[in-house]
Amino acid sequence: MNITPDNPIDYLPADGIEARQIELLKKHLSYALNHSPFYRDKFSEQDIAAISKLSDLSKFTKTSKKDLAEFNAEFLSIPPQEVVEYVTTSGTTGKPVSIALSKNDLGRLAYNEARSLEIADFTADDIVQITTTLDKCFMAGMAYYLGLTKIGAAVLRAGQGTPEFHWEMIRQVNPTALIAVPSFLQKLGSHSGAVSNRITKALCIGEPLRNADFSDNQLSKNIKQHRDIDLRSTYASTEMATAFTECQEKQGGHLLPELIILEILDENGNEVADGELGEVTVTPLGIEGMPLVRFQTGDLARKHSNTCACGRNTVRLGPIEGRLAQMIKLKGTTIYPNQIEEILHNYPSASPYLIEIDRDYNGLDEVSLVLPETFTEEESHYLLIGLQAKLRVKPTIKKSSVPAIQQLLFRENSRKPKKIIDHRNA
């Protein structure tokens, strides 16, 4: 795969992009059929040959997270001796799952991230400090490193650490950009002190920066209170090994046509109209180690197909608005933890926090917020008013010590904080 500053495929007419994707899709499906024990009996060469438009993919089997967990070994499509890297999913909504990568998969990962970084206006002149995990079988940290070195940028592999540690690295090296989780960027800003720096941009993962209409959400606004910084959002998962990244227009993450096919599906598995909310379902193209077909991520978002103001004709993915597995039915209202978090971000003193979901004695959903002991009764009062006004619900508020909350955030030695504790399926 050859990378160029402006990959021509992004600027092809929509039908030209689809024609290229169909060609790559057929190749991908043939590979899965012939190499993956899981997909061997799921479709045929005749089914593949009959594809004439991307919507024909709807005739093929979907793949769930449960499939990948229960039949993990059956997804391996290369000899074990050709595996060069094992990574694992984060396990945010379940147990971590192992994913095997070939040498070519690593090359694809580097290509994906280089393409994404260039969409986000990172260049060879940048010095980039990575503040996310680079160990513990985490794909994203490795992907950023591979992509940054591919575009010629200098990398500071700081990894996870306290704000004080990262400010010391910033003082020593003076990077121009950061890669970080937004909530950590917020915390980093509040510890900035008198350290002068030349950081002008950040690529953010793990948490959305925008509302559904692409306006800045509260977390994004909080970060900008500390510094005027160009924030770009990127969305990916270990299973898809491909990113959707914002350009300068910040109107959704651009799909990379040569690497992935996107569907947004309703609860019955039918594709929803452009701009409507549904489950993000992806077919990552060109993967050798463990190819996937129509993988259901469990994330909810919207697809936008109109031409972006940047000139690209690629489909864009809106911010993640929730996870199917974390849907809450509270007193007749359907909500997702993301919506509660958006309101919590108005209260910096509410951090760190946990959202606990359980069932009451009637089998109905109930929600509790575990907040620091230092969060005052007055703040709790106004927080509940805000929740009632925006979501029409009033969760229970519990108080705990910061160390106790931190211990639960990183329970089971997780490599990133798990802010949601869902007891309903325990």
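**Exercise 1. Are helices H7 and H8 roughly parallel or roughly perpendicular to each other?**

The model is predicted, so local features require pLDDT of at least 70 and side-chain atom pairs count only at pLDDT 80 or more, while totals for chains, interfaces and linings use all residues. Residues are numbered from 1 along each chain as its sequence is written, and side-chain values use heavy atoms, without hydrogens and water.

*Solution.* 

Step 1. Locate the elements. Helices (H or I, at least four residues) and strands (E, at least two) are DSSP runs, numbered from the N terminus. Helix H7 covers residues 182–190, and helix H8 covers residues 218–226.

Step 2. Compare the axes. Axes are lines fitted to C-alpha atoms, for helices over the stretch in contact, and angles run from 0 to 180 degrees between N-to-C directions. The axes of H7 and H8 come within 8 Å and cross at roughly 25 degrees.

Step 3. Classify the angle. Angles under 35 degrees count as roughly parallel, over 145 as roughly antiparallel, 65 to 115 as roughly perpendicular and the rest as oblique. Therefore H7 and H8 are roughly parallel to each other.

Step 4. Determine the handedness. A crossing is left-handed if the near helix is turned anticlockwise from the far one by less than a right angle, and right-handed if clockwise. H7 passes H8 in a left-handed crossing.

Step 5. List the contact (heavy atoms within 4.5 Å). From H7, Pro182, Ser183, Leu185, Gln186, Gly189 and Ser190 meet Leu219, Asn222, Ile223 and His226 of H8. By class, this contact of H7 with H8 has 4 nonpolar, 6 polar and no charged residues. Here Ala, Val, Leu, Ile, Met, Phe, Trp, Tyr, Cys and Pro count as nonpolar, Asp, Glu, Lys and Arg as charged, and the others, Gly among them, as polar.

**Exercise 2. Describe how helix H6 meets H7.**

*Solution.* 

Step 1. The axes of H6 (residues 163–173) and H7 come within 9 Å and cross at roughly 75 degrees. That angle makes H6 roughly perpendicular to H7.

Step 2. Pro163, His166, Trp167 and Ile170 of H6 meet Phe184, Lys187 and Leu188 of H7. By class, the contact of H6 with H7 has 5 nonpolar, 1 polar and 1 charged residues.

**Exercise 3. In what order do the strands of the open sheet that contains E17 lie?**

*Solution.* 

Step 1. Apply the criterion for pairing: two strands pair if DSSP finds at least two bridges between them. Strands of a sheet pair through backbone hydrogen bonds, either parallel or antiparallel.

Step 2. Pair E17 with E18. Strand E17 (residues 354–359) and strand E18 (residues 365–372) run antiparallel and are joined by 6 bridges. Leu354 has Val370 in E18 as its bridge partner. E17 and E18 form a hairpin with 5 residues between them, and Gly363 in the turn has a positive phi of about 80 degrees.

Step 3. Pair E17 with E20. Strand E20 (residues 420–422) runs parallel to E17, with 3 bridges joining them. Glu356 stands opposite Ile421 in E20.

Step 4. Pair E18 with E19. These strands run parallel and are joined by 5 bridges. Leu371 stands opposite Lys399 in E19.

Step 5. The order of the 4 strands is E19-E18-E17-E20, and the pairing is mixed. E19 (396–400) and E20 are the edge strands, each pairing on one side only. From one strand to the next, the twist averages 25 degrees.

Step 6. H11 (residues 402–409) lies across E17, E18 and E19, running at about 125 degrees to E18.

**Exercise 4. Is Asp126 buried or exposed?**

*Solution.* 

Step 1. Asp126 is in the loop between helix H4 (103–119) and strand E3 (127–130).

Step 2. Buried means under 20% relative accessible area, exposed over 50%, partly exposed in between (1.4 Å probe, protein chains only). Because its relative accessibility is 7%, Asp126 counts as buried.

Step 3. Apart from neighbours within four places in sequence, Asp126 is in contact with Asp121, Ala153, Ala154, Thr176 and Lys201.

**Exercise 5. Examine the backbone at Pro352, Ala241 and Arg294.**

*Solution.* 

Step 1. Pro352 lies in the loop between helix H9 (337–344) and E17. A cis peptide bond, with omega of about 0 degrees, joins Ser351 and Pro352.

Step 2. Ala241 lies in the loop between strand E7 (230–236) and strand E8 (243–246). Its phi is near 50 degrees, a positive value in a residue other than glycine. At 10% relative accessibility, Ala241 counts as buried.

Step 3. Arg294 lies in the loop between strand E11 (277–284) and strand E12 (295–304). The phi of Arg294, a residue other than glycine, is positive and near 50 degrees. With a relative accessible area of 2%, Arg294 is buried.
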